[in-house]
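Please examine the sequence and the structure shown below before reading on.

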2 protein chains.
Amino acid sequence: MRLSKTFVKTLREAPKDETARNGALLVRAGYVHKEMAGVYDYLPLGMRVIEKIKNIIREELNKIGCQEVLLSTLQNPEPWEKTGRFDDQEVDIWFKTELASGGILGLAPTHEEPMTNLLKTYISSYKDLPLYVYQFQTKFRNELRAKSGILRGREFLMKDLYSFHTSEEDLDKFYEEVEKAYDRIYARVGLGDCTFKTFASGGIFSKYSHEYQTILPVGEDTIYYNSDKSLVFNKEVFNDEVLKEFGVSKEDFEETTAAEVGNIFKLKFKYSEPLGLRYIDEENKPQTVYMGCYGIGVSRLMGVIAEKFADDKGLCLPESVAPYKICLVGIGENGVKKAEEIYQGNEETILFDDRDKRPGEKFADSELIGLPFRVVVSDKTLDEDAVEITERKTGETRKISFEELSRIVEGR
Amino acid sequence: MRLSKTFVKTLREAPKDETARNGALLVRAGYVHKEMAGVYDYLPLGMRVIEKIKNIIREELNKIGCQEVLLSTLQNPEPWEKTGRFDDQEVDIWFKTELASGGILGLAPTHEEPMTNLLKTYISSYKDLPLYVYQFQTKFRNELRAKSGILRGREFLMKDLYSFHTSEEDLDKFYEEVEKAYDRIYARVGLGDCTFKTFASGGIFSKYSHEYQTILPVGEDTIYYNSDKSLVFNKEVFNDEVLKEFGVSKEDFEETTAAEVGNIFKLKFKYSEPLGLRYIDEENKPQTVYMGCYGIGVSRLMGVIAEKFADDKGLCLPESVAPYKICLVGIGENGVKKAEEIYQGNEETILFDDRDKRPGEKFADSELIGLPFRVVVSDKTLDEDAVEITERKTGETRKISFEELSRIVEGR
């Protein structure tokens, strides 16, 4: 992509009301645009990050046999009334709206009820199970405050997966598969070594649920972890009773703030029972379907990645989710000409800064945008038949040959 | 994809309130699920059709230099109040909702105002123009009635493109580029020979807009076309004054019903003026930006394609948008074994009906699902070292070798 042809303009200043670092940097670097607190537009660079994260999640879920669907935003109250969750006293973040032809609708804050309800049409026999269904859907939550950039949105993108089983054993087995898939997802987006499965409070049918928490100074959660981080608790379950159950003592744990980047939950009959999702077993008897649900906030994940790897110069995105691999700058007539040549045919890998600006400004912008590498071509480098490459993460600069550059561009 | 592993089940009956053929067939064939009138969920087969249509549109728009973004659904009234369009008297299909922290928000029925407003941050000089920005976004329209299946949704997927220019000539030039791109899009999705650019009513700044109308018995529009369909008018502008302007007479035109599958509009200053979208020209003077907008209803297009090519057995989708190319059925132990072999490695092209059902039922379902080809392997075909292939469109059946089947699967 040519920087001159995008409408992305790095901004000197973030909006005044943008207090979160991820929001401020993503706005300044032209990834997102703020519509109002908790509501953002995704510009071309931001779109590419979202799509890269989605594809990583999609690949890992398809590998374990999940199928993609897309459920509606507009919600008929009926299935929600069966679980009591249409009530604003019960769920206090609903956006509701009125249908011109009469009646109240909700904007889906999550999709357990419609998904369970939908599956009633398609599950009838034990032969139809197990079944794993997911979507990437915009969720709407009427938060009173939304000051965390894209970490907590009123409108945000979520991946939600639901699984359907004939037995608790089968649910347990798949739950473990999802744990492994989640580990692979967090590793691939660059958060592997700072993201931990965390015990959190359960519900009617399970003592605990699991969250995936990324250690982050501005995270909204408090977690406690042991020395090798094999045991991590959310503050809400970090009490004497739980510690006793796990046979560990308080002193072995350290406290830190963290951001939740995923959660997995054994729902069992929580939704299938009130909504009547049943199947006929091998003895021809009706049985209630076991369910699990598994979420990852996609836009929040982008925010956490932005926040986690930023420094005082700007963003610093891992290659797997960066919109492009290389920011290319040509200096002087010959440098620009050679840069044009390098750019040709590599539009998906290179963000070519072909703007009519001073090199210093281009360098500062390339650090703000935070692609993994910056490549500079100038008379000076051309004299040595080379380009200068700088790694954003380390700031390390070295000269490499055109051949080595080709290898880097092509990912060989 | 294995049919047994999807939760798609062809249904004997469509929902009672589903009166539109496209809706009834798409529900019965497991492409979509109806949540309420005008609100549908997309199941795995339907998701694939939507994605294929989106990719065709994306490719053609990217070719002419357009950039993809994603704007929010939740709408701050402010920019809409500047054009008068937040008023329910002016735009009568708003869904509105209340923010917990106070204030009314709208759910975007279209995005001219937020897009124009957004661009104020990024357009300042003539050097920033022209600019072409599009998105695939779910739109919300509070229709009193919604009885046309996915042809008219209360929640539906739309591609909307907006262009920004320094002059009317530049707008005219790009408008023509979009016309050509639209022709390519309709041709690629299989509607090329029944979709026509149609004169429709304009607005403040243009005498006419253009719609793309597909001839369709259940279409909601009435159009008039001349013998070679080089001149097509929407009923709303088919009057003596217009006919005189074009130098043609009423008798040369035939009437038909049609469904609108796209529209293009020279907005000029309609939104840029009230919203103050200006740029500084080469003489350092502020000027108002010229705008155009260009829509295609993606889910409606899927409905039109479904409706257009259906017959009494079911759907009949063009290869470019069909979720898979081939429905594969094995009969008998050897047939099933060989079908398994054929399926391996071709999961993206073949929908393998591996269900425990009678061949007759599988054949009927394959016709309902409407993929371009059905392939049958049985003892009978194996005796001849062949498979039987049936074209859905013509019903023509012939025996082909495994080698020829490979060629068809691989699209060689």
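In chain A of this predicted model, five strands make up an open sheet of mixed pairing, arranged in the order 18-17-19-20-21. At the edges stand strand 18 (350–352) and strand 21 (397–401) of chain A; each has a single partner strand, so one side of each is left without a neighbour in the sheet. From one strand to the next, the twist averages 30°.

Strands of a sheet pair through backbone hydrogen bonds, and they do so in either a parallel or an antiparallel manner. Strand 17 (residues 326–330) and strand 18 of chain A provide a parallel example, with three bridges between them. Within this pairing, I326(A) has I350(A) of strand 18 of chain A as its bridge partner.

Helices lie across this sheet. Helix 10 (residues 359–369) of chain A lies across strand 17 and strand 19 (373–377) of chain A, and its direction is at about 180° to that of strand 17 of chain A. Helix 12 (residues 402–410) of chain A lies across strand 17, strand 18, strand 19, strand 20 (386–391) and strand 21 of chain A, running at about 100° to strand 21 of chain A.

The view may now be widened to the whole of chain A. Twelve helices and 21 strands are found in chain A, and its C-alpha trace spans about 80 × 60 × 45 Å along the principal axes. Of the 412 residues in chain A, 47% are buried. Among the contacts in chain A with a separation of 6 or more, 68% join residues 24 or more positions apart.

Chain A is divided into domain 1 (3–309) and domain 2 (326–410). The C-alpha centres of these two domains of chain A lie 38 Å apart. Where the domains meet, five residues of domain 1 of chain A are in contact with nine residues of domain 2 of chain A. On the side belonging to domain 1 of chain A, the residues comprise two nonpolar, two polar and one charged.

How do two helices of chain A pack against each other? Helix 1 (residues 21–28) and helix 8 (residues 298–309) of chain A meet at an angle of about 90°, and their axes are 9 Å apart. These two helices of chain A are therefore roughly perpendicular to each other. Helix 1 of chain A contributes R21(A), N22(A), L25(A) and L26(A) to the contact, while helix 8 of chain A contributes G303(A), A306(A) and E307(A). By class, the residues of this contact are three nonpolar, two polar and two charged.

Y294(A) belongs to strand 16 (residues 290–297) of chain A. Is Y294(A) buried or exposed? Y294(A) has 24 other C-beta atoms within 10 Å; a residue counts as buried if 20 or more lie within that distance, and Y294(A) is therefore buried. When its neighbours within four places in sequence are left aside, Y294(A) is in contact with L161(A), V178(A) and I264(A). Between Y294(A) and P130(A) there are 15 Å in space, C-alpha to C-alpha, and the two residues are 164 residues apart in sequence.

Attention now turns to the meeting of the two chains. The contact involves 46 residues from chain A and 46 residues from chain B. On the side of chain A, at least two residues each come from strand 1 (32–36), strand 2 (39–42), helix 2 (44–63), strand 3 (67–68), strand 5 (95–98), helix 4 (112–119) and strand 7 (131–140) of chain A. Strand 2 of chain A gives the most to this side, namely four residues. The residues of the side of chain A that touches chain B divide into 24 nonpolar, twelve polar and ten charged.

Strand 11 (residues 221–225) and strand 13 (residues 254–268) of chain B pair in the antiparallel sense over five bridges, with Y225(B) opposite E254(B) of strand 13 of chain B. Strand 11 of chain B also runs antiparallel to strand 12 (residues 232–234) of chain B, to which three bridges join it. In this second pairing, Y225(B) has V232(B) of strand 12 of chain B as its bridge partner. Strand 11 and strand 12 of chain B form a hairpin with six residues between them, and K229(B) in the turn has a positive phi of about 55°.

Finally, helix 4 (residues 112–119) of chain B has eight of its eight residues buried, so it is largely enclosed by the rest of the structure. Among these buried residues are E112(B), P114(B), M115(B) and L119(B).

Methods: Residues are numbered from 1 along each chain as its sequence is written. Chains are lettered from A and ligands numbered from 1 in the order in which they are written. This is a predicted model: local features need pLDDT of at least 70, side-chain atom pairs count only at pLDDT 80 or more; totals for chains, interfaces and linings use all residues. Two residues are in contact if their C-beta atoms, placed from the backbone, lie within 7 Å. Ala, Val, Leu, Ile, Met, Phe, Trp, Tyr, Cys and Pro count as nonpolar, Asp, Glu, Lys and Arg as charged, and the others, Gly among them, as polar. Two strands pair if DSSP finds at least two bridges between them. Axes are lines fitted to C-alpha atoms, for helices over the stretch in contact, and angles run from 0 to 180 degrees between N-to-C directions. Domain bounds come from an automatic or database domain assignment. Angles under 35 degrees count as roughly parallel, over 145 as roughly antiparallel, 65 to 115 as roughly perpendicular and the rest as oblique. A residue is buried if 20 or more other C-beta atoms lie within 10 Å of its own, exposed if 12 or fewer, and partly exposed in between; C-beta atoms are placed from the backbone.
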